[in-house]
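Subject: A complex for you to look at

Hi,

Here is the structure I promised to send over. Please have a look at it first, and then read on for what I found.

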Amino acid sequence: MASGRDDFIIAVRSAFLKKSNKQQFSLLALIIFSIILIFLSNLNFVGIKYLKTGINEATYRISALVSYPEKKINDTIIFFSDYFNAYKENQNLKIKIDKLNNNNLNYIYLENENKRLKEIVGENTSISEGIISRVLIDKDGKFLKSIILNKGSKDGIKIGMVVLEKNYLVGQIIEVNYTTSRAILISDLNSNIPVVIEPGSFQSILSGSGKDYGLIKYSKKELNLDDNSIVYTSGSGGNFRAGVPIGKINDQIENLAVQFFSDLSQLSYVKIQSIEVKGD
Amino acid sequence: MVQKKINLKNKVLKYFPLILLYFSVLNEFDFDVANIGLLSFNLPFIIIFYWSLKDPDQIGNGLIFFSGILNDVTLGYPIGVSSFIYLTIIAFASYLRNITLRPNIYKDSLVFLVAILFANSVNSLILSFVFSIEINYFEIIANITFTFLLYFLFARIFNYLKPIGL
């Protein structure tokens, strides 16, 4: 019995402390070092911040290069799938264009009315022109859904700026380096956005599900929503401009699920905007 | 000329596990081509476990530690988390190496399953309790399952490559 325990202790000690000729560090030393790093990361230690920024710059570029072949394979598959669906899609698009042309007339009228009302209320929302940025890496990890963009602090990017694709909200900047930045996607479990659901003007919070759709949370107990109700940013909290379309309610996926207008797995170029709301 | 070619081939083969590890870490290889759904696996875990078990001198502990740092940066995790997880995988492999007299793929894979379950549990604990990051547990379980199943395939490939030049 004692011999078995001794064998176990010897095996464990050997695993953690013994290093062969070619090994520079023992396992135990590296484990202690990594625990110190985690501890310092948790405390937001300044040195770790600089270390991370330094490594980020180099790693993002290399990672984009390494991911290039896989990205190309994905693009090719999507190209062929689009090609075979072209006719059917063309017919659907013709119907959609007709509808949109009708809606456009209403839209112009409502936009002007909205501007006039905001002037009366005294709210002045200034929106930057937007910076077009290329998506360097769009790999979603098991724990974090995010994208790396090729614009950083030297281009005026700041934490909190919104990320749009074709005027649809897709995420928000959470980390800025000198030439690159990271945006958390609206599908991430940690993403929570104040939204308004139209028609009905229901105020709520849209949370990411970790998959390719969002979920409406923290809303009134009974929501009478159509299956095609549209979800817009509400502008509450001042992080987002009000009225940015995000997606539509689709109960077929899950109860109160939001199907995003943008395909978050196929982002190539995005627009980064800053929003300043100045009210009385 | 022929000698030079052979040298280059030998060098590539010699550093193959290291190149594959860094490629998978920087690419975060999760086999999500054509939206196969939950089919994702953790290639770094397989590489680290296999080579730490069969030939620990092939990839140094320091290089594995550094690959963890790069993984954290690529995925946006707090620095040090992946390094710690990778080192726990090495610890399991080293322990198994020390107590094994006759290597057996089934015994190896069983310890590998325990190692990845432990590593992913620790990873989830650190991320959710220390850094308050929400986690999709179902996705992680699927990832663990596929990583375990694919260990057999990759172990066979690495076994085949070993006598060639590794």
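One definition before the findings: a residue is called buried here if 20 or more other C-beta atoms lie within 10 Å of its own. Please also keep in mind that this is a predicted model.

With that in hand, have a look at strand 12 of chain A, residues 257–260.

Now to chain B and two of its helix pairs. Helix 2 (residues 16–27) and helix 3 (residues 43–54) of chain B pack with their axes 9 Å apart, at an angle of about 155 degrees. An angle over 145 degrees counts as roughly antiparallel, so that is how helix 2 and helix 3 of chain B run relative to each other. Their crossing is left-handed. On the helix 2 side the contact is made by Pro17(B), Leu20(B), Leu21(B), Ser24(B) and Val25(B), and on the helix 3 side by Leu43(B), Pro44(B), Ile47(B) and Trp51(B).

The other pair is helix 5 (residues 81–99) and helix 6 (residues 105–130) of chain B, which pack at an angle of about 155 degrees with axes 9 Å apart. That makes helix 5 of chain B roughly antiparallel to helix 6 of chain B, but here the crossing is right-handed. Among the residues that meet are Ile85(B), Ile89(B) and Phe92(B) from helix 5 of chain B, and Val111(B), Phe118(B) and Val122(B) from helix 6 of chain B.

How many residues of each chain are in contact with the other? The count is 44 in chain A and 43 in chain B. On the chain A side, helix 1 (2–17), helix 2 (27–42) and helix 3 (46–84) each supply at least two residues, and helix 3 of chain A gives the most, with 14.

Finally, confidence: the predictor gives the complex an ipTM of 0.78 and a pTM of 0.70. Chain B averages a pLDDT of 81, with 87% of its residues scoring at least 70. Where pLDDT is low, the predicted coordinates should not be read in detail.

Best wishes

Note on methods. Residues are numbered from 1 along each chain as its sequence is written. Chains are lettered from A and ligands numbered from 1 in the order in which they are written. This is a predicted model: local features need pLDDT of at least 70, side-chain atom pairs count only at pLDDT 80 or more; totals for chains, interfaces and linings use all residues. pLDDT is the predictor's confidence in each residue, from 0 to 100. A residue is buried if 20 or more other C-beta atoms lie within 10 Å of its own, exposed if 12 or fewer, and partly exposed in between; C-beta atoms are placed from the backbone. Helices (H or I, at least four residues) and strands (E, at least two) are DSSP runs, numbered from the N terminus. Axes are lines fitted to C-alpha atoms, for helices over the stretch in contact, and angles run from 0 to 180 degrees between N-to-C directions. Angles under 35 degrees count as roughly parallel, over 145 as roughly antiparallel, 65 to 115 as roughly perpendicular and the rest as oblique. A crossing is left-handed if the near helix is turned anticlockwise from the far one by less than a right angle, and right-handed if clockwise. Two residues are in contact if their C-beta atoms, placed from the backbone, lie within 7 Å.
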